[in-house]
Amino acid sequence: MNRLKVGIIGSGNIGTDLMYKIERCDFLEMKVMVGIDSKSEGLERAKSRGYETIDTGINGLMEKIDLVDIVFDATTAYAHRLHSEKLIAAGKKVIDLTPAAIGPFAVPSVNLTEHFEASNVNMVTCGGQATIPLVHAINRIIDVEYAEIIATVASKSAGPGTRANIDEFTRTTSKAIEQVGGAKKGKAIIILNPAEPPVIMRDTVHVLVTEEGHEESIISSIKSMVEDVQKYVPGYRLRGEPQIDGKKISVFVEVEGAGDFFPPYSGNLDIMTAAAAKVANELAKHLLTSKV
């Protein structure tokens with residue numbers, strides 16, 4: 001089976017977890033892991049699995065750019081701006097796991113095939129991947145005036161890249177709630193919970209819709225969407241029935257990770273990497289099919 005060659009920039013938590021997801025994809029071939037710390041666990045794991053490793057960042061990758069067709073960026077929003085410019089100039093497809101939001105937003109269960117022609121697609125944020133499908137599920141039944149999401153993740157699962165991107169997280173997620181979820185106004189909040197033992201990722205969605213009613217259709221749409229997300233994130237599930245009070249709707253979900261690299265409580269890592277792998281695999285399938 002033909003596959004497209006893949007590189008990952010960022011050998012931290014997200015990049016390392018993503019490596020394992022890529023290994024299970026039908027149309028992707030893991031080739032190179034890129035970092036800036038030669039002793040990072042991500043680079044060591046990649047090397048032990050037989051992949052090329054580069055410890056000089058984007059500049060080192062550009063010297064071996066023919067190794068890759070698709071590049072995932074799992075660094076920071078600030079660094080991604082430079083990375084994207086160089087990679088696109090070299091004719092590579094870029095999957096952005098930072099909140100830089102240079103390219104269009106991709107949420108697999110909502111708009112999986114919409115941006116195959118884009119050079120750079122953005123995976124929003126962990127909170128966005130967990131909640132935007134639910135906002136969209138409601139909005140396809142009745143117009144959403146306002147949507148507010150609260151993402152709670154274990155402090156232990158938030159690495160330095162995540163912590164450096166908190167401001168971008170709120171801005172990018174809010175924008176994607178509107179552009180992909182369909183809400184007229186969106187707001188995002190993230191909470192890093194230091195509890196011991198670490199808590200599983202949990203997300204709350206509150207929306208205000210334009211009119212009352214349609215309760216059965218709304219609940220059916222939400223449950224159908226949850227099933228769609230579970231196809232690529234098996235640990236995604238509702239916590240109880242959606243609550244409808246007039247024009248206000250509240251939905252509660254949790255995300256258990258697959259445990260590929262980090263423990264299962266790190267659903268915030270898992271949903272990002274699983275969504276990114278899903279988008280890239282479908283993109284690769286599309287590109288390979290179009291060449292035939």
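**Notes on the predicted model**

1. Let me start with Ser217, which sits in helix 9, residues 215-230. Helices here are DSSP runs of H or I with at least four residues, strands are E runs of at least two, and both are numbered from the N terminus. Ser217 has 40% relative accessibility, so it counts as partly exposed; the scale is buried under 20% relative accessible area, exposed over 50%, and partly exposed in between, with a 1.4 Å probe and protein chains only. Leu67 is 150 residues away from Ser217 along the chain, and their C-alpha atoms are separated by 48 Å.

2. Some ground rules. This is a predicted model, where local features need pLDDT of at least 70, side-chain atom pairs count only at pLDDT 80 or more, and totals for chains, interfaces and linings use all residues. Residues are numbered from 1 along each chain as its sequence is written, and side-chain values use heavy atoms, with hydrogens and water left out.

3. On the overall build: the protein has 10 helices and 12 strands. The C-alpha trace spans about 60 × 50 × 30 Å along its principal axes. The radius of gyration is 19 Å, which agrees with the value near 19 Å for a compact globule of 292 residues; that radius is taken over C-alpha atoms, and the globule rule is 2.2 Å times the number of residues to the power 0.38.

4. Take the contacts (heavy atoms within 4.5 Å) between residues at least 6 apart in sequence: 70% of them join residues at least 24 apart.

5. Helix 2 (residues 41-48) has Gly42, Leu43 and Ala46 as its buried residues. Seen down the helix axis, these fall within an arc of 95°, so they line one face of helix 2; the arc is that of the directions from the helix axis to the C-beta atoms. Their cover includes helix 1 (13-23), strand 2 (28-34) and strand 3 (52-54). After helix 2 comes Gly50, with a positive phi near 90°.

6. A few backbone spots to look at. Most residues other than glycine have a negative phi, and most peptide bonds are trans. The bond from Glu196 to Pro197 is cis, with omega near 0°, and Pro197 lies in the loop between strand 8 (185-193) and strand 9 (201-209).

7. Val124 has a positive phi, near 60°. You'll find Val124 in the loop between strand 6 (120-122) and helix 6 (126-139), and at 0% relative accessibility it counts as buried.

8. His214 also has a positive phi near 60°. His214 is in the loop between strand 9 and helix 9, and counts as partly exposed at 40% relative accessibility.

9. Leaving out residues up to four places away in sequence, Ala106 touches Asn111, Val121, Asn122, Met123, Val124, Gln129 and Val279. Val121 is 15 residues from Ala106 in sequence, with 6.4 Å between their C-alpha atoms.
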